Amino acid sequence: MIWGYVDIHKLHPKFDIIYDNFDQIQKEFREGLDRLQWITWSDDRAHAEGSGYVPVGAPLIGLKSELQEQLPAQKHLWDWEDGLVATDNIHLVPTLVKCLRECGITRRASITKMEPNSKIPLHRDGDPNPPDGIVMRGIMGLDVPTEEGKKCYIMIRNRPKKDWDVKTIKDRSIAVFQPNNIHGVVNQLNGVRYTLCFDTVVRFEDFPDAVRSCRTTGVWANLD
């Protein structure tokens, strides 16, 4: 298990490209918001077991070779280029998609939203890990309201310390973690919170120290 959060620059050294273009990315998102195609992640087992919460997202791009991760969005996907599939949403946020590709974030990326005064209960995501590494999930604040005394935050279990690593979600914030780990999200705000959600992979050969304690790579891998 990889506990806590991982520095995005260790996985994607060019990630500052997104920060440098954030104002334009946010502008395009706001202008295209009413035209984005949203879907529910209806096959998400982690959320289907009585939590009452149904994740909603606007898919952007993904690797064609990893179509099992794109199943809820499959009817919206079409073959694009360089081994990628895409949805029509990419035309509404072209700067974001361009920056993602330049950073090397292509396994799966979408825009997600969370309703006001809501929460995603503690859960583990069941995303399958590749045989040579571990899927990591990134959550970046794309358009998050500000409100005095209230916030949106994500919490990740840190079992070695017997506590929780908590990070506030706001514009430009980034949280990268192993989704097999227990985590939850709380939105105390009175407005809808929008984030960029993407997957990437920690390869064993590239990060031997980070993954030296991992035992297996099945669907419910590295859990205890």
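Angles under 35 degrees count as roughly parallel, over 145 as roughly antiparallel, 65 to 115 as roughly perpendicular, and the rest as oblique. The structure is a predicted model, in which local features need pLDDT of at least 70, side-chain atom pairs count only at pLDDT 80 or more, and totals for chains, interfaces and linings use all residues. Residues are numbered from 1 along each chain as its sequence is written, and side-chain values use heavy atoms, with hydrogens and water left out.

**Exercise 1.** State how the axes of helix H3 and helix H5 cross, and which residues make the contact.

*Solution.* 
Step 1. Helices (H or I, at least four residues) and strands (E, at least two) are DSSP runs, numbered from the N terminus. H3 covers residues 22-32 and H5 covers residues 94-103.
Step 2. Axes are lines fitted to C-alpha atoms, for helices over the stretch in contact, and angles run from 0 to 180 degrees between N-to-C directions. The two axes come within 7 Å and cross at roughly 135°.
Step 3. H3 and H5 are therefore oblique to each other.
Step 4. With contact meaning heavy atoms within 4.5 Å, H3 contributes Gln 24, Ile 25 and Glu 28, and H5 contributes Pro 94, Thr 95, Leu 96 and Cys 99.

**Exercise 2.** Describe the lining of the second largest cavity.

*Solution.* 
Step 1. On a 1 Å grid over the protein atoms alone, a cavity is a set of points where a 1.4 Å probe fits but cannot get out; lining residues have an atom within 4 Å of a point.
Step 2. A volume is the space filled by probe spheres set on the points, which are joined across faces, edges and corners. The second largest cavity holds about 30 Å³.
Step 3. Its lining consists of Ile 18, Phe 22, Ile 25, Leu 96, Met 140, Gly 141, Leu 142 and Leu 196.

**Exercise 3.** Locate Thr 87 and decide whether Thr 87 is buried or exposed.

*Solution.* 
Step 1. Thr 87 sits in the loop between strand E4 (84-86) and H5.
Step 2. Buried means under 20% relative accessible area, exposed over 50%, and partly exposed in between (1.4 Å probe, protein chains only). Thr 87 has a relative accessible area of 1%, so Thr 87 is buried.
Step 3. Leaving out residues up to four places away in sequence, Thr 87 touches Pro 59, Leu 60, His 76, Leu 77 and Trp 78.
Step 4. Pro 59, Leu 60 and Leu 77 are also among the residues that line the largest cavity, whose volume is about 50 Å³.

Key
On a 1 Å grid over the protein atoms alone, a cavity is a set of points where a 1.4 Å probe fits but cannot get out, and a pocket is an open set with protein on both sides within 12 Å along at least five of seven lines; lining residues have an atom within 4 Å of a point.
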